[in-house]
Amino acid sequence: MECKNVIQDVICRIKAMKGVEDTYVLSEEDKEKILELEKKAEGAVLMGLGVGDNQGIKEVFKRQIIIAFTTNMDYVWPEGPNVVLMQYGEKIGEDIYDSEKLEECKKCDDMLVMGNFVIYKNTMPKPGGGKKEPITVVLPPQKCQDVECVEGVTNVVIASPSTPSDEYIRSLMGLKPAVGLGTFIIGFDLC
């Protein structure tokens, strides 16, 4: 299948996903700008208490074709975790969207549940316990089954961009910030 046709099939598949509003194929210049914004954003996480590691964006940008898309409140996030807190090489927290699993976590004394976020108390370093390592907020890459099944596509990965990248993508698409609207970036290779 011709490259343009494959990309158009992917765009159609993305637009058919519930809660997706619009798509935008990133140019080489756009990719460079977003990578620059992501690098700057790594140090400005958790009000300066931690560092960011957007592994999802790093994986997306290893792909041949990259498409940004906007979402509304109806969009269903990829199956998580979408955010993982790491410290000293251990997972100390993550977001959980399974309501049954969240209820189980609430019953555990060594877990603190805040909304859909769970902090594992037993992995937190003890106060006064030597050198402190900042918390790393990891945004892992996610799968996108809606696009994985498109003929001619392989290595599909989806990621959530940082706030500066989100704002840049919106500006490329001529959109103003609005409550409930977000952006994602999907990358894939042609086979």
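**Pockets in a predicted chain**

Let me start with the surface: the protein chain has an accessible surface of about 11100 Å², and 53% of that belongs to carbon and sulfur atoms, the areas coming from the Shrake-Rupley method with a 1.4 Å probe. Please keep in mind that this is a predicted model, in which local features need pLDDT of at least 70 and side-chain atom pairs count only at pLDDT 80 or more, while totals for chains, interfaces and linings use all residues. Residues are numbered from 1 along each chain as its sequence is written, and side-chain values use heavy atoms, with hydrogens and water left out.

Of the 191 residues in the chain, 43% are buried, meaning under 20% relative accessible area with a 1.4 Å probe, protein chains only.

Now to the pockets, a pocket being an open set of points on a 1 Å grid over the protein atoms alone, where a 1.4 Å probe fits, with protein on both sides within 12 Å along at least five of seven lines, and lining residues having an atom within 4 Å of a point. The largest pocket has a volume of about 600 Å³, taken as the space filled by probe spheres set on the points. Its lining consists of 33 residues, and those nearest the centre are Trp-77, Leu-139, Ser-160, Pro-161 and Ser-162.

The second largest pocket has a volume of about 270 Å³. It is lined by 13 residues, with Pro-78, Lys-143, Cys-144, Gln-145 and Asp-146 closest to its centre.

Finally, the C-alpha trace of the chain spans about 60 × 35 × 35 Å along its principal axes.

Notes: Buried means under 20% relative accessible area, exposed over 50%, partly exposed in between (1.4 Å probe, protein chains only).
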